[in-house]
Amino acid sequence: MADFSVGARRLAGLSARALGWPPDIFWNATPEDLALSLGTHDPAVAPPSRAEIAAMMERDRNGR
């Protein structure tokens, strides 16, 4: 879980500095919203599907 919190803090700070986003906008944005806003979206790389997210959540449940 530490990896998520470190990454989330880094991205929240970046979105605040680069985009002027307050925390509520950052936390309500999707990863794709953030990528598009920062100009880092690569249309060749698809975001994970619902099934892939569910599998990750199951695999990483309870920090395991």
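Me: What makes a run of residues a helix here, and in which helix does I53 lie?

Reply: Helices are DSSP runs of H or I with at least four residues, strands are runs of E with at least two, and both are numbered from the N terminus. I53 lies in helix α4, residues 50–59. This is a predicted model, in which local features need pLDDT of at least 70, side-chain atom pairs count only at pLDDT 80 or more, and totals for chains, interfaces and linings use all residues. Residues are numbered from 1 along each chain as its sequence is written, and side-chain values use heavy atoms, with hydrogens and water left out.

Me: Why is W21 called buried?

Reply: Buried means under 20% relative accessible area, exposed over 50%, and partly exposed in between (1.4 Å probe, protein chains only). W21 has 15% relative accessibility and therefore counts as buried. W21 lies in the loop between α1 (2–19) and α2 (23–28).

Me: Why does I53 count as partly exposed?

Reply: The relative accessibility of I53 is 37%, so I53 belongs to the partly exposed class.

Me: What makes the pair of F26 and W27 edge-to-face?

Reply: Rings of Phe, Tyr and Trp (its six-membered ring) pair if their centres lie within 6.5 Å; planes under 30 degrees apart count as stacked, over 60 as edge-to-face and the rest as tilted. By this rule there is one aromatic pair. The ring centres of F26 and W27 are 4.9 Å apart and their planes stand at 80 degrees, so the pair is edge-to-face.

Me: Are F26 and W27 buried or exposed?

Reply: F26 has a relative accessible area of 10% and is therefore buried, whereas W27, at 52%, is exposed.
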